Amino acid sequence: MANKLGRPVGESNAREQLIEAARELFSEHPYEKVSTRRVAERAGVNASLIRYYFSNKWGLFEAMMQETIQPVFEKAYKARRGESFDTVSEVFRTYYRVMSRSPQFAKLLFRLLSLEGREGQVSHVFSLMEKHLKVGDAPVMPILEGMAASGELKPGIDPAMARLSLISLMIFPFVAPPRMLKMHGIELTEEFVERLAEHNLALLEAGLLQEKTGPECK
């Protein structure tokens, strides 16, 4: 029986290889500069497999985006119900875990969110980002507002400012100029990023949260 065009024979991890290669190349270069042939070469597979698995380049890009950020947004959706620092911590740790495996991916996110206009490819990118950043009309991270309302934040802490601080801690390490990181002897290895996540969480907890009192703290 003839094999479907581009269909892998037997067991294959070609799809995962294509996702990984796409994540690397789209993080390193603008969308229009990345060809399907280049992705296939980086992945070490036949270019016809992109059509088989993803239909086209945009399908590959969308699958790569969804599969990379899905763990973070799943945690964020669950966190919306909790509205506590523990739920913020879970989102934070998951994000850092994802980025520790693909440090360049944050640069791609930053670049996408910096795009101007709403036409053509930019429109598709915004649609994809908005689909994952929102559920209906509800923003993903109203958690800090809930914490402020329940008295969990220190008096005088503005939730909007706290959210910006949180976003800064999540993004800057991964978009900082390589020369700056090198000057300070920083290499974004998985082990370093995991340590950084715990350090930043301790920093946020000390700066934002009311000190706990009562029997549960003894």
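Ala, Val, Leu, Ile, Met, Phe, Trp, Tyr, Cys and Pro count here as nonpolar, Asp, Glu, Lys and Arg as charged, and the others, Gly among them, as polar. The model is predicted: local features need pLDDT of at least 70, side-chain atom pairs count only at pLDDT 80 or more, and totals for chains, interfaces and linings use all residues. Residues are numbered from 1 along each chain as its sequence is written, and side-chain values use heavy atoms, with hydrogens and water left out.

**View 1. Lining of the second largest pocket.** A pocket is an open set of points on a 1 Å grid over the protein atoms alone, with protein on both sides within 12 Å along at least five of seven lines; lining residues have an atom within 4 Å of a point. The lining consists of Ser168, Leu169, Phe172, Pro173, Met180, Leu181, His184, Ile186, Leu188, Phe192, Leu196 and Asn200. Two or more of these residues come from each of α9 (159-175), α10 (178-183) and α11 (190-208). The largest contribution, four residues, is from α9. Nine lining residues are nonpolar, three are polar and none is charged.

**View 2. Tyrosine 52 in helix α3 (residues 48-54).** Helices are DSSP runs (H or I, at least four residues), numbered from the N terminus.

**View 3. Leucine 109 in helix α6 (residues 105-113).** With a relative accessible area of 14%, leucine 109 is buried, a term that means under 20%. The C-alpha atoms of leucine 109 and serine 27 are separated by 8.3 Å, and the two residues are 82 apart along the chain.

Key:
On a 1 Å grid over the protein atoms alone, a cavity is a set of points where a 1.4 Å probe fits but cannot get out, and a pocket is an open set with protein on both sides within 12 Å along at least five of seven lines; lining residues have an atom within 4 Å of a point. Buried means under 20% relative accessible area, exposed over 50%, partly exposed in between (1.4 Å probe, protein chains only).
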